[in-house]
Amino acid sequence: MAGKRRMSGKNKKTRAARHPATPAQAAEEYERLVEQFPEDREELLREAADAWRSAGEYDRALALYGRLLDPAAGGCQEPDVVDAWRIDTLREAGYEKEARTAAASFRARHPRDATAWSIVAGTLEYADETATAADWYTAGITHALGAGAEVTADVVGGFRDTFGLEELLIGRHRVRRLLGDPHDDWDAVADELHERRAAPVVGRVRPLDELHDPLRLKRLAEGGPDTLEAEFAELAREPDEETWAPTGPLKTCVLFWPPEEFAQLLECYPTVADAYGDDHTGHLRQVERTLRELSDQGALHLAVGRATVSGLEAHVDEKGLSPDLPAARSRYAAELARRGLATDWPPARNGPCWCGSGRKYKKCCGNPASG
(Lines give C-alpha, C1' and ligand atoms only; values in the text may rest on other atoms or scores of the structure.)
Protein backbone atom coordinates (compact mmCIF):
# COMPACT_ATOMS: atom_id res chain seq x y z
CA MET A 1 0.00 0.00 0.00
CA ALA A 2 1.74 3.07 -1.23
CA GLY A 3 1.94 6.13 0.97
CA LYS A 4 0.98 4.46 4.24
CA ARG A 5 3.10 2.05 6.25
CA ARG A 6 2.38 -0.02 9.30
CA MET A 7 3.95 1.03 12.52
CA SER A 8 6.23 -1.37 14.36
CA GLY A 9 4.56 -3.36 17.12
CA LYS A 10 6.52 -1.54 19.82
CA ASN A 11 5.59 1.84 18.42
CA LYS A 12 1.93 0.88 18.17
CA LYS A 13 1.91 -0.03 21.85
CA THR A 14 3.60 3.21 22.79
CA ARG A 15 1.10 5.24 20.81
CA ALA A 16 -1.86 3.28 22.15
CA ALA A 17 -0.79 4.03 25.71
CA ARG A 18 -1.13 7.78 25.19
CA HIS A 19 -4.24 9.77 24.37
CA PRO A 20 -3.33 13.41 23.68
CA ALA A 21 -6.25 15.75 24.30
CA THR A 22 -5.59 18.02 21.32
CA PRO A 23 -4.09 17.68 17.82
CA ALA A 24 -1.20 19.91 18.89
CA GLN A 25 -0.40 17.59 21.81
CA ALA A 26 -0.58 14.62 19.45
CA ALA A 27 1.84 16.33 17.07
CA GLU A 28 4.29 17.02 19.87
CA GLU A 29 4.03 13.41 21.01
CA TYR A 30 4.73 12.07 17.51
CA GLU A 31 7.78 14.32 17.23
CA ARG A 32 9.01 13.17 20.63
CA LEU A 33 8.66 9.53 19.60
CA VAL A 34 10.98 10.02 16.62
CA GLU A 35 13.97 9.97 18.95
CA GLN A 36 12.71 6.86 20.71
CA PHE A 37 11.76 4.94 17.58
CA PRO A 38 14.00 6.11 14.72
CA GLU A 39 12.95 3.11 12.60
CA ASP A 40 9.50 4.72 12.37
CA ARG A 41 10.82 8.23 11.73
CA GLU A 42 9.08 8.81 8.40
CA GLU A 43 5.66 7.57 9.54
CA LEU A 44 5.88 9.48 12.83
CA LEU A 45 6.87 12.74 11.15
CA ARG A 46 4.03 12.35 8.63
CA GLU A 47 1.62 11.70 11.49
CA ALA A 48 2.97 14.76 13.28
CA ALA A 49 2.56 16.91 10.17
CA ASP A 50 -1.02 15.75 9.79
CA ALA A 51 -1.73 16.51 13.46
CA TRP A 52 -0.28 20.01 13.09
CA ARG A 53 -2.61 20.50 10.12
CA SER A 54 -5.55 19.44 12.27
CA ALA A 55 -4.42 21.99 14.83
CA GLY A 56 -4.32 24.70 12.17
CA GLU A 57 -0.55 25.00 12.58
CA TYR A 58 0.18 24.80 8.87
CA ASP A 59 3.67 26.27 9.04
CA ARG A 60 4.74 23.61 11.52
CA ALA A 61 3.30 20.91 9.27
CA LEU A 62 5.11 22.36 6.26
CA ALA A 63 8.35 22.45 8.24
CA LEU A 64 8.04 18.71 8.89
CA TYR A 65 7.35 17.96 5.24
CA GLY A 66 10.43 20.03 4.41
CA ARG A 67 12.42 18.00 6.92
CA LEU A 68 11.27 14.77 5.31
CA LEU A 69 12.19 16.04 1.86
CA ASP A 70 15.68 17.20 2.93
CA PRO A 71 18.30 14.49 2.29
CA ALA A 72 20.61 16.16 4.80
CA ALA A 73 17.95 15.66 7.49
CA GLY A 74 17.47 11.99 6.66
CA GLY A 75 15.13 12.23 3.70
CA CYS A 76 12.27 9.76 3.23
CA GLN A 77 11.35 6.68 1.22
CA GLU A 78 8.38 8.26 -0.58
CA PRO A 79 9.42 11.82 -1.43
CA ASP A 80 6.84 12.26 -4.18
CA VAL A 81 3.96 11.28 -1.89
CA VAL A 82 5.29 13.55 0.87
CA ASP A 83 5.63 16.39 -1.62
CA ALA A 84 2.07 15.80 -2.81
CA TRP A 85 0.80 16.18 0.76
CA ARG A 86 2.95 19.30 1.12
CA ILE A 87 1.17 20.78 -1.91
CA ASP A 88 -2.19 19.83 -0.42
CA THR A 89 -1.19 21.52 2.85
CA LEU A 90 -0.12 24.70 1.07
CA ARG A 91 -3.52 24.93 -0.60
CA GLU A 92 -5.36 24.20 2.63
CA ALA A 93 -3.36 26.90 4.37
CA GLY A 94 -4.29 29.41 1.70
CA TYR A 95 -0.77 29.68 0.28
CA GLU A 96 -2.10 29.56 -3.26
CA LYS A 97 0.95 31.03 -5.02
CA GLU A 98 3.33 28.71 -3.18
CA ALA A 99 1.08 25.72 -3.90
CA ARG A 100 1.09 26.46 -7.62
CA THR A 101 4.86 26.88 -7.63
CA ALA A 102 5.29 23.59 -5.75
CA ALA A 103 2.91 21.81 -8.12
CA ALA A 104 4.84 23.13 -11.13
CA SER A 105 8.09 21.90 -9.59
CA PHE A 106 6.50 18.51 -8.85
CA ARG A 107 5.40 18.14 -12.44
CA ALA A 108 8.73 19.29 -13.85
CA ARG A 109 10.44 16.37 -12.06
CA HIS A 110 8.25 13.89 -13.98
CA PRO A 111 7.67 11.59 -10.98
CA ARG A 112 6.47 8.02 -11.58
CA ASP A 113 4.48 7.58 -8.36
CA ALA A 114 0.79 7.08 -9.25
CA THR A 115 -0.42 7.76 -5.73
CA ALA A 116 1.42 11.09 -5.58
CA TRP A 117 -0.18 12.21 -8.85
CA SER A 118 -3.58 11.09 -7.58
CA ILE A 119 -3.21 13.17 -4.39
CA VAL A 120 -2.36 16.36 -6.27
CA ALA A 121 -5.06 15.77 -8.90
CA GLY A 122 -7.57 15.14 -6.12
CA THR A 123 -6.54 18.35 -4.41
CA LEU A 124 -7.29 20.25 -7.61
CA GLU A 125 -10.59 18.43 -8.07
CA TYR A 126 -11.72 19.26 -4.53
CA ALA A 127 -10.85 22.89 -5.26
CA ASP A 128 -13.25 22.75 -8.25
CA GLU A 129 -10.42 23.20 -10.74
CA THR A 130 -11.99 20.46 -12.83
CA ALA A 131 -10.20 21.00 -16.13
CA THR A 132 -6.81 21.24 -14.43
CA ALA A 133 -7.58 18.12 -12.40
CA ALA A 134 -8.42 16.23 -15.60
CA ASP A 135 -5.06 17.21 -17.06
CA TRP A 136 -3.26 16.03 -13.90
CA TYR A 137 -5.09 12.71 -13.81
CA THR A 138 -4.12 12.12 -17.44
CA ALA A 139 -0.51 13.17 -16.88
CA GLY A 140 -0.29 10.93 -13.83
CA ILE A 141 -1.31 7.86 -15.83
CA THR A 142 1.21 8.67 -18.56
CA HIS A 143 4.04 9.25 -16.10
CA ALA A 144 3.26 6.18 -13.98
CA LEU A 145 3.16 3.77 -16.94
CA GLY A 146 5.47 5.60 -19.31
CA ALA A 147 4.60 7.47 -22.49
CA GLY A 148 3.08 5.22 -25.11
CA ALA A 149 2.47 2.35 -22.72
CA GLU A 150 -0.59 0.18 -23.23
CA VAL A 151 -3.38 0.99 -20.77
CA THR A 152 -5.64 -1.98 -20.06
CA ALA A 153 -7.35 -3.35 -16.96
CA ASP A 154 -4.84 -6.21 -16.86
CA VAL A 155 -1.90 -3.82 -17.07
CA VAL A 156 -3.34 -1.82 -14.18
CA GLY A 157 -3.95 -5.02 -12.20
CA GLY A 158 -0.30 -5.99 -12.55
CA PHE A 159 1.08 -2.53 -11.78
CA ARG A 160 3.18 -2.07 -8.65
CA ASP A 161 0.74 0.55 -7.30
CA THR A 162 -2.54 -0.86 -8.57
CA PHE A 163 -4.84 1.25 -6.43
CA GLY A 164 -3.03 4.52 -7.14
CA LEU A 165 -3.28 3.87 -10.88
CA GLU A 166 -6.95 2.86 -10.57
CA GLU A 167 -7.69 6.09 -8.74
CA LEU A 168 -6.05 8.09 -11.53
CA LEU A 169 -8.15 6.40 -14.20
CA ILE A 170 -11.41 6.57 -12.28
CA GLY A 171 -10.75 10.15 -11.16
CA ARG A 172 -10.01 11.09 -14.77
CA HIS A 173 -13.28 9.51 -15.85
CA ARG A 174 -15.19 11.42 -13.17
CA VAL A 175 -13.90 14.88 -14.03
CA ARG A 176 -14.14 14.29 -17.77
CA ARG A 177 -17.83 13.46 -17.35
CA LEU A 178 -18.28 16.72 -15.43
CA LEU A 179 -16.55 18.56 -18.26
CA GLY A 180 -18.70 16.83 -20.89
CA ASP A 181 -15.71 15.29 -22.66
CA PRO A 182 -16.42 12.32 -24.94
CA HIS A 183 -15.87 8.80 -23.63
CA ASP A 184 -12.48 7.45 -24.76
CA ASP A 185 -10.46 4.21 -24.46
CA TRP A 186 -9.08 5.08 -21.03
CA ASP A 187 -12.59 5.75 -19.79
CA ALA A 188 -13.52 2.25 -20.97
CA VAL A 189 -10.62 0.87 -18.92
CA ALA A 190 -11.85 2.81 -15.88
CA ASP A 191 -15.29 1.26 -16.36
CA GLU A 192 -13.79 -2.23 -16.48
CA LEU A 193 -11.69 -1.62 -13.36
CA HIS A 194 -14.77 -0.32 -11.54
CA GLU A 195 -16.73 -3.41 -12.53
CA ARG A 196 -13.96 -5.77 -11.43
CA ARG A 197 -13.57 -4.26 -7.98
CA ALA A 198 -17.27 -3.62 -7.38
CA ALA A 199 -18.78 -6.89 -8.58
CA PRO A 200 -17.65 -9.03 -5.59
CA VAL A 201 -19.25 -6.47 -3.25
CA VAL A 202 -22.47 -5.29 -4.88
CA GLY A 203 -23.15 -7.95 -7.52
CA ARG A 204 -24.75 -6.19 -10.49
CA VAL A 205 -22.66 -3.12 -11.30
CA ARG A 206 -23.58 0.08 -13.07
CA PRO A 207 -20.82 1.39 -15.35
CA LEU A 208 -18.93 4.49 -14.33
CA ASP A 209 -20.16 6.21 -17.48
CA GLU A 210 -23.63 6.15 -15.93
CA LEU A 211 -22.60 6.78 -12.32
CA HIS A 212 -20.52 9.84 -13.23
CA ASP A 213 -23.17 11.26 -15.57
CA PRO A 214 -23.79 14.86 -14.38
CA LEU A 215 -27.39 14.70 -15.57
CA ARG A 216 -28.04 11.61 -13.44
CA LEU A 217 -26.48 13.25 -10.40
CA LYS A 218 -28.58 16.36 -10.96
CA ARG A 219 -31.70 14.23 -11.34
CA LEU A 220 -30.99 12.45 -8.07
CA ALA A 221 -30.41 15.77 -6.31
CA GLU A 222 -33.58 17.36 -7.65
CA GLY A 223 -35.91 14.39 -8.11
CA GLY A 224 -37.17 14.18 -4.55
CA PRO A 225 -37.60 11.19 -2.23
CA ASP A 226 -39.36 8.98 -4.80
CA THR A 227 -36.43 9.14 -7.22
CA LEU A 228 -33.92 8.43 -4.48
CA GLU A 229 -35.93 5.54 -3.06
CA ALA A 230 -36.24 3.99 -6.51
CA GLU A 231 -32.47 4.16 -6.93
CA PHE A 232 -31.89 2.52 -3.59
CA ALA A 233 -34.56 -0.15 -4.13
CA GLU A 234 -32.80 -1.23 -7.31
CA LEU A 235 -29.46 -1.38 -5.49
CA ALA A 236 -30.78 -3.37 -2.54
CA ARG A 237 -32.20 -6.35 -4.40
CA GLU A 238 -29.94 -8.75 -2.48
CA PRO A 239 -30.42 -7.91 1.22
CA ASP A 240 -28.08 -10.64 2.46
CA GLU A 241 -24.97 -9.34 0.69
CA GLU A 242 -21.78 -10.29 2.52
CA THR A 243 -20.62 -6.96 3.88
CA TRP A 244 -23.67 -4.70 3.97
CA ALA A 245 -27.33 -4.60 4.87
CA PRO A 246 -30.22 -2.21 4.11
CA THR A 247 -31.64 -0.74 7.30
CA GLY A 248 -34.58 1.08 5.72
CA PRO A 249 -35.43 2.76 2.42
CA LEU A 250 -32.49 5.15 2.68
CA LYS A 251 -30.10 3.50 5.16
CA THR A 252 -27.14 1.17 4.63
CA CYS A 253 -24.59 -0.03 7.17
CA VAL A 254 -21.20 -1.67 6.60
CA LEU A 255 -19.51 -3.66 9.36
CA PHE A 256 -16.05 -2.61 10.55
CA TRP A 257 -14.11 -4.94 12.86
CA PRO A 258 -11.46 -3.17 15.02
CA PRO A 259 -8.08 -4.97 15.12
CA GLU A 260 -8.65 -6.96 18.32
CA GLU A 261 -12.18 -7.94 17.31
CA PHE A 262 -11.00 -8.87 13.81
CA ALA A 263 -8.38 -11.21 15.26
CA GLN A 264 -10.92 -12.77 17.63
CA LEU A 265 -13.45 -13.19 14.83
CA LEU A 266 -10.96 -15.11 12.71
CA GLU A 267 -9.91 -17.23 15.68
CA CYS A 268 -13.49 -18.16 16.60
CA TYR A 269 -14.88 -18.45 13.07
CA PRO A 270 -12.01 -19.20 10.63
CA THR A 271 -14.32 -19.54 7.62
CA VAL A 272 -15.10 -15.80 7.65
CA ALA A 273 -11.61 -15.31 6.20
CA ASP A 274 -13.17 -16.35 2.89
CA ALA A 275 -15.12 -13.08 2.97
CA TYR A 276 -12.79 -10.76 4.90
CA GLY A 277 -9.33 -12.17 4.27
CA ASP A 278 -6.85 -12.46 7.13
CA ASP A 279 -5.26 -9.00 7.01
CA HIS A 280 -6.78 -6.13 8.97
CA THR A 281 -5.30 -3.47 6.69
CA GLY A 282 -7.01 -5.21 3.79
CA HIS A 283 -10.25 -5.21 5.78
CA LEU A 284 -10.02 -1.41 6.18
CA ARG A 285 -9.61 -1.05 2.43
CA GLN A 286 -12.55 -3.40 1.83
CA VAL A 287 -14.86 -1.36 4.08
CA GLU A 288 -13.93 1.94 2.43
CA ARG A 289 -14.28 0.50 -1.07
CA THR A 290 -17.66 -1.02 -0.22
CA LEU A 291 -18.91 2.34 1.01
CA ARG A 292 -17.62 4.12 -2.08
CA GLU A 293 -19.25 1.61 -4.41
CA LEU A 294 -22.58 1.82 -2.58
CA SER A 295 -22.41 5.60 -2.75
CA ASP A 296 -21.69 5.45 -6.47
CA GLN A 297 -24.70 3.18 -6.89
CA GLY A 298 -26.97 5.80 -5.33
CA ALA A 299 -27.31 4.60 -1.73
CA LEU A 300 -27.92 7.35 0.81
CA HIS A 301 -27.28 7.67 4.56
CA LEU A 302 -24.37 5.25 4.57
CA ALA A 303 -22.88 4.27 7.91
CA VAL A 304 -20.08 2.22 9.47
CA GLY A 305 -21.00 -0.17 12.27
CA ARG A 306 -18.20 -0.95 14.74
CA ALA A 307 -18.63 -4.69 15.22
CA THR A 308 -17.70 -6.91 18.16
CA VAL A 309 -17.67 -10.69 18.34
CA SER A 310 -19.74 -10.67 21.53
CA GLY A 311 -22.28 -8.34 19.93
CA LEU A 312 -22.56 -10.54 16.85
CA GLU A 313 -22.95 -13.68 18.95
CA ALA A 314 -25.64 -12.11 21.10
CA HIS A 315 -27.52 -10.95 18.03
CA VAL A 316 -27.41 -14.29 16.21
CA ASP A 317 -28.43 -16.18 19.35
CA GLU A 318 -31.67 -14.22 19.32
CA LYS A 319 -32.24 -15.00 15.63
CA GLY A 320 -31.14 -18.63 15.69
CA LEU A 321 -28.41 -18.01 13.12
CA SER A 322 -24.71 -18.89 12.94
CA PRO A 323 -22.07 -16.12 12.91
CA ASP A 324 -20.51 -17.90 9.93
CA LEU A 325 -23.46 -16.97 7.73
CA PRO A 326 -23.31 -13.80 5.62
CA ALA A 327 -26.99 -13.19 6.43
CA ALA A 328 -26.22 -13.15 10.16
CA ARG A 329 -23.54 -10.49 9.81
CA SER A 330 -25.73 -8.53 7.40
CA ARG A 331 -28.59 -8.44 9.92
CA TYR A 332 -26.19 -7.55 12.72
CA ALA A 333 -25.09 -4.53 10.67
CA ALA A 334 -28.72 -3.52 10.20
CA GLU A 335 -29.32 -3.83 13.95
CA LEU A 336 -26.36 -1.61 14.80
CA ALA A 337 -27.69 1.10 12.50
CA ARG A 338 -31.25 0.72 13.78
CA ARG A 339 -30.04 1.26 17.36
CA GLY A 340 -28.00 4.31 16.41
CA LEU A 341 -24.69 2.53 16.98
CA ALA A 342 -23.25 3.22 13.53
CA THR A 343 -21.17 6.21 12.39
CA ASP A 344 -22.36 8.21 9.39
CA TRP A 345 -20.19 7.98 6.26
CA PRO A 346 -18.41 9.77 4.72
CA PRO A 347 -16.82 11.91 7.42
CA ALA A 348 -15.82 15.47 6.59
CA ARG A 349 -12.51 15.45 4.70
CA ASN A 350 -10.82 17.22 7.61
CA GLY A 351 -12.81 15.32 10.24
CA PRO A 352 -11.65 12.21 12.13
CA CYS A 353 -11.62 8.99 10.13
CA TRP A 354 -14.36 6.42 10.73
CA CYS A 355 -11.78 3.73 11.61
CA GLY A 356 -10.87 5.39 14.92
CA SER A 357 -7.24 6.11 14.06
CA GLY A 358 -7.58 9.76 15.14
CA ARG A 359 -6.28 10.95 11.77
CA LYS A 360 -8.17 13.14 9.33
CA TYR A 361 -10.34 11.09 6.98
CA LYS A 362 -8.59 12.47 3.88
CA LYS A 363 -5.20 11.41 5.30
CA CYS A 364 -6.41 7.98 6.47
CA CYS A 365 -9.04 5.72 4.87
CA GLY A 366 -10.15 8.56 2.58
CA ASN A 367 -6.60 8.95 1.31
CA PRO A 368 -6.07 7.71 -2.28
CA ALA A 369 -2.87 6.10 -1.01
CA SER A 370 -4.74 3.94 1.49
CA GLY A 371 -6.66 1.91 -1.02
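The expected span of a helix is taken as 1.5 Å times one less than its number of residues. In this predicted model, helix 7, which runs over residues 114-126 and so has 13 residues, reaches 18 Å from its first C-alpha to its last, close to the 18 Å expected on that basis. The helix is mostly covered, with twelve of its 13 residues buried. The buried residues are Ala114, Thr115, Ala116, Trp117, Ser118, Ile119, Val120, Ala121, Gly122, Thr123, Leu124 and Glu125, and the elements that cover them include helix 5 (79-92), helix 6 (96-108), helix 8 and helix 10 (162-179). At the N-terminal end, helix 7 is capped by Asp113, a side-chain oxygen of which lies 3.0 Å from the backbone nitrogen of Thr115. Beyond the other end, helix 7 is followed by Asp128, a residue with a positive phi near 65°.

Val120, one of the buried residues of helix 7, also belongs to the largest nonpolar core, a set of 56 residues in which Phe106, Val120, Trp136, Ile141, Leu165, Leu168 and Leu169 touch the most other members. Helix 8 (residues 130-145) supplies the largest share of this core, namely eight residues. When neighbours within four places in sequence are left aside, Leu169 is in contact with Ile141, Val151, Val156, Trp186, Val189, Ala190 and Leu193.

For the chain as a whole, 19 helices and four strands are assigned. Of its 371 residues, 51% count as buried, and the accessible surface comes to about 16,700 Å², 50% of which belongs to carbon and sulfur atoms. Among contacts between residues at least 6 apart in sequence, 62% join residues at least 24 apart.

The structure holds zero disulfides. Cys364 is accordingly in no disulfide, and the nearest cysteine sulfur, that of Cys355, is 3.7 Å away, whereas a disulfide is assigned to a pair of cysteine sulfur atoms within 2.5 Å. Cys364 has a relative accessibility of 2% and therefore counts as buried, the cut-off for that class being under 20%.

Notes:
Residues are numbered from 1 along each chain as its sequence is written. This is a predicted model: local features need pLDDT of at least 70, side-chain atom pairs count only at pLDDT 80 or more; totals for chains, interfaces and linings use all residues. Side-chain values use heavy atoms; hydrogens and water are left out. A nonpolar core is a set of buried Ala, Val, Leu, Ile, Met, Phe, Trp, Tyr and Cys residues joined through side-chain atoms within 4.5 Å. Buried means under 20% relative accessible area, exposed over 50%, partly exposed in between (1.4 Å probe, protein chains only). Helices (H or I, at least four residues) and strands (E, at least two) are DSSP runs, numbered from the N terminus. Contact means heavy atoms within 4.5 Å. Accessible areas come from the Shrake-Rupley method with a 1.4 Å probe; for residues, only the protein chains shown count as cover. A polar contact is a pair of N or O atoms within 3.5 Å; within protein, one must be able to donate a hydrogen and the other to accept it, and residues adjacent in sequence count only if both atoms are side-chain atoms.
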